[in-house]
Amino acid sequence: MIDWDELIESAESAARNAYAVYSDFKVGAAILTVEGKIFTGCNIENSSYGLTVCAERVAVFKAVSEGFRDFKALTVYSEAIPPARPCGACLQALSEFGSDIEILCGNSKGEKDRFNLRKLLPEGFTFKK
Ligand code: THU
C-alpha cells in the first residue's frame, strides 16, 4: 500500500526549497523506493537556462546515487492547475528504472491526477544495439 498523502506532502515540502528565481514556478517531487524510502527533489534553475534541472530528476538521481534503483511511485507537486505532469525528459530518465512506476501529480488546490509511467511515456527510447 502506498501512502499517497505522505508522498505528496513530501513533494510539497521539497517544493519550498525550489530554486526557481527565473520562472518563479516551484516544483517538488518525491520518489518512493520498493524498500519504503522516500527521496525528494526540487527544481534548480540556472542563469544559463538550459542547465536547469527538474524536481523529478533531482529526486531520481538522489535515490540512484544512494544505491536505490527500484521505484514504486513518484509524486509531483506544483501550483499549476491542472497539476503539472513530469516533462518528457524526466519521463525518459524515470523509464530507465522501469515502466511500472505510479505517478501522482498534485497542486495547491488539492487536485490530484494519477497515471502510470507507461501511460505518459508509452514508446520511450530503449538502448538496443
Ligand atoms: N519543471 C520541473 O521541475 N518539472 C517538470 O516536470 C517541468 C518543469 C521546472 C523546470 C523549471 O525550473 C520550471 O519548472 C519551469 O519550466
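The model is predicted: local features require pLDDT of at least 70, side-chain atom pairs count only at pLDDT 80 or more, and totals for chains, interfaces and linings use all residues. Residues are numbered from 1 along each chain as its sequence is written, and side-chain values use heavy atoms, with hydrogens and water left out.

Strand E4 spans residues 102-107. Strands (E, at least two residues) and helices (H or I, at least four) are DSSP runs, numbered from the N terminus. Strands pair if DSSP finds at least two bridges between them. E4 and E5 (residues 112-116) run antiparallel and are joined by five bridges. Four residues separate the two strands in their hairpin, where Gly-110 takes a positive phi near 85°.

E4 also pairs with strand E3 (residues 71-78). These two strands run parallel, with six bridges between them. From E3 the chain passes through helix H3 (residues 88-95) to E4, a β-α-β crossover that is right-handed. Right-handed means that, with the strands pointing away from the viewer, the path from the first strand over the helix to the second runs clockwise. E4 is largely enclosed by the rest of the structure, because five of its six residues are buried. Buried denotes under 20% relative accessible area, exposed over 50%, and partly exposed in between (1.4 Å probe, protein chains only).

The ligand shell was examined next. A residue belongs to the surroundings if one of its heavy atoms lies within 4 Å. The residues around the ligand are Ser-23, Phe-25, Val-27, Asn-43, Glu-45, Thr-52, Cys-54, Ala-55, Glu-56, Arg-85, Pro-86 and Cys-87. Six are nonpolar, three polar and three charged. Polar contacts are pairs of N or O atoms within 3.5 Å; within protein, one must be able to donate a hydrogen and the other to accept it, and residues adjacent in sequence count only if both atoms are side-chain atoms. A polar side-chain atom of Glu-56 lies 2.7 Å from a ligand oxygen. Backbone N or O atoms contribute as well: one of Ala-55 lies 3.0 Å from an oxygen atom of the ligand, and one of Cys-87 lies 3.0 Å from a ligand oxygen. The protein covers 77% of the 370 Å² of accessible area that the ligand has on its own.

Asn-43, a member of this shell, sits in the loop between strand E2 (38-42) and helix H2 (55-65). Asn-43 is buried, at 6% relative accessible area. Its side chain reaches the backbone nitrogen of Val-27 at 2.9 Å.

Conventions. Areas by Shrake-Rupley, 256 points an atom, 1.4 Å probe, with all protein chains shown as cover. Nonpolar A, V, L, I, M, F, W, Y, C, P; charged D, E, K, R; others polar.
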